[in-house]
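I opened this notebook to write down, entry by entry, what I looked up in the structure.

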Amino acid sequence: MPGPTAGSAGDTSTAPATPATPTDAAADAAAAGATGRAAIVVLGGLVALGPLTTDLYLPGLPAIAEDLVAEPAAVQLTLTFSMFGVAAGQLIFGPLSDRFGRRPPLLAGLVVYTLASIVCVIAPDLTVLIAARFVQGAAGAAGLVIGRAVARDRFEGVAMIRFLASITLISGLAPILAPLFGAQMLRFTSWRGTFGALAALGLLLTLVAFAALRETLPASARRGGGLSGTLHTMGGLLRDRPFLGLLLTSTFAFGALFGYISGSSVVLQHVYHVSPQTYSLLFGLNSVAIVGATQLNGRVLAPRFTAGALMRTGLAVMIAAGVSLVLVTAVWDLGLVAVCASLFVMMASLGMVLPNSAARALSLVAPQSAGSASALLGTGTFLCGAVVAPLSSLGGNPSAVLLAVVVLSCALLSAASYLLLLRPARTAPADATEPAAA
């Protein structure tokens with residue numbers, strides 16, 4: 001499939017009519033590199049908005065329950081409905097970005113996100129907070145879905161994996177730093193202050209994106225057809241067996257991640273009695289695993305091994321980590337250290353599964369459908385996350401065993417989707433691509 005290459009991604013201007021001098025060429029190359037680096041920083045910040053929205057307030061979940069006089073399972077609905085919002089928002093902003101370009105929907109989403117964050121700050125009860133979290137998630141989804149679409153606009157193959165790895169390096173700092181900042185903020189402010197910080201961040205990203213992010217989908221490449229055209233495009237993608245297999249593999253892998261994110265706060269603090277500050281440190285340590293594995297995957301492994309081989313390895317490790325987590329919680333009860341070690345390995349495995357599945361899925365579609373494809377990828381993952389989020393507190397009490405079972409179940413479903421829908425015979429062209437060709 002023809003598409004932009006890594007070498008041309010940084011320069012969106014038209015070619016000059018006269019030959020460029022060596023000095024001009026060097027200047028153009030430097031400008032292109034600077035543009036590419038600026039795009040990585042901006043898109044990294046936009047994609048980071050998702051985990052920041054999720055993770056910054058996690059240490060304050062018990063405080064929210066106490067302040068709003070609610071059960072812990074009910075308070076977790078603020079996370080569940082935020083994920084439902086992200087899922088719905090991607091279905092809106094992805095197709096809009098295919099039709100109107102990447103910039104206008106992105107900027108609109110950031111403005112709404114900022115306003116919804118302000119409502120979270122002043123929410124008088126849990127019902128209002130849950131509703132505001134839904135809108136906040138839906139609006140914040142613009143950065144997630146459009147960031148992936150921009151990657152498809154600019155790159156393909158291993159170059160796309162590297163670009164996604166660069167974005168992940170920046171956005172991966174969010175889940176590491178967010179709980180740390182959130183826990184420290186609770187020392188001098190309430191949980192409402194964390195949402196005030198998100199409102200300020202939304203405003204900052206709006207201004208930065210307006211000033212620095214260029215349009216990557218030219219008008220001539222945009223998709224028309226309105227709602228019927230969007231539904232036709234999405235229907236075609238869902239009928240494509242390799243794309244559907246990658247979609248489900250990614251969806252259930254994210255389910256394991258969201259099961260950990262949603263359940264770890266209450267499980268570690270209520271079951272293992274760690275402080276909010278200790279929890280934030282443990283959460284940050286596990287986040288280092290996924291960031292480090294993603295960088296290893298994109299910069300070292302992807303040029304040497306096929307995406308299929310890396311995904312199969314990651315899935316095998318994820319299942320092994322899930323089995324270990326069940327054993328150390330339900331069978332042997334080995335305590336906090338064993339639980340954290342299993343979670344660390346599980347997070348590292350996701351650093352191999354998630355970027356490869358996203359890159360391979362996006363490489364199957366044309367640029368004018370990248371927004372819709374990105375929307376399906378993101379919607380599936382966050383719908384799964386919304387369903388998985390409250391499971392570790394079923395019955396009203398947090399349970400390490402339930403958390404382990406949720407993680408293992410999602411890992412098994414992810415591997416089954418890959419094995420059943422991405423048989424080697426159907427995916428040989430994608431798996432056989434020479435890494436050096438990109």
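Before placing any residue, I noted what counts as a helix: a DSSP run of H or I with at least four residues, numbered from the N terminus. With that settled, I looked up Gln 90 and found its place in helix H4, which covers residues 77-100. I kept in mind throughout that this is a predicted model.

**Entry on Gln 90.** I then listed its contacts, leaving aside the neighbours within four places in sequence, and found Pro 95, Ala 141, Leu 144, Val 145, Arg 148, Ser 374, Ala 375, Gly 378, Thr 379 and Phe 382.

**Entry on the whole chain.** I counted 17 helices and 0 strands in the chain. Of its 438 residues, 55% are buried. When I took the contacts with a separation of 6 or more, I found that 86% of them join residues 24 or more positions apart.

**Entry on H13 and H16.** Two packed helices are described by the angle between their axes and the distance between the axes. For helix H13 (residues 307-331) and helix H16 (residues 400-421), I noted an angle of about 155° and axes 8 Å apart. That angle makes H13 roughly antiparallel to H16, since the class takes angles over 145 degrees. The crossing in which H13 passes H16 is left-handed. I looked up the residues that meet there, which include Gly 308, Met 311, Leu 315 and Gly 322 in H13, and Ala 400, Val 401, Ala 404 and Tyr 418 in H16. By class, this contact of H13 with H16 has 18 nonpolar, 4 polar and 1 charged residues.

**Entry on H11 and H12.** I next took helix H11 (residues 241-271) and helix H12 (residues 276-301), whose axes come within 10 Å and cross at roughly 145°. The crossing of H11 and H12 is right-handed. In H11, the residues Tyr 260, Ile 261, Ser 264, Ser 265, Leu 268 and Gln 269 meet Pro 276, Tyr 279, Leu 282, Phe 283 and Asn 286 of H12. I noted that the residues of this contact divide into 7 nonpolar, 4 polar and no charged.

**Entry on two loops.** In the loop between H11 and H12 I found His 273, which is not a glycine and yet has a positive phi near 60°. Its relative accessibility is 64%, so His 273 counts as exposed. Val 69, in the loop between helix H2 (61-67) and helix H3 (72-75), likewise has a positive phi, of about 55°, although it is not a glycine. At 72% relative accessibility, Val 69 counts as exposed.

**Entry on the cysteines.** How many disulfides does the structure hold? I found 0. I looked at Cys 384 and saw that the closest cysteine sulfur, in Cys 410, is 4.8 Å from its own, which is too far for a bond, because a disulfide needs the two sulfur atoms within 2.5 Å. Cys 384 is buried, at 12% relative accessibility, and Cys 340 is buried, with a relative accessible area of 12%.

**Entry on Leu 204.** Leu 204 counts as partly exposed at 48% relative accessibility. Its C-alpha atom is separated by 9.4 Å from that of Leu 110, which is 94 residues apart from Leu 204 along the chain.

Technical notes: Residues are numbered from 1 along each chain as its sequence is written. This is a predicted model: local features need pLDDT of at least 70, side-chain atom pairs count only at pLDDT 80 or more; totals for chains, interfaces and linings use all residues. Side-chain values use heavy atoms; hydrogens and water are left out. Axes are lines fitted to C-alpha atoms, for helices over the stretch in contact, and angles run from 0 to 180 degrees between N-to-C directions. Angles under 35 degrees count as roughly parallel, over 145 as roughly antiparallel, 65 to 115 as roughly perpendicular and the rest as oblique. A crossing is left-handed if the near helix is turned anticlockwise from the far one by less than a right angle, and right-handed if clockwise. Contact means heavy atoms within 4.5 Å. Ala, Val, Leu, Ile, Met, Phe, Trp, Tyr, Cys and Pro count as nonpolar, Asp, Glu, Lys and Arg as charged, and the others, Gly among them, as polar. Buried means under 20% relative accessible area, exposed over 50%, partly exposed in between (1.4 Å probe, protein chains only).
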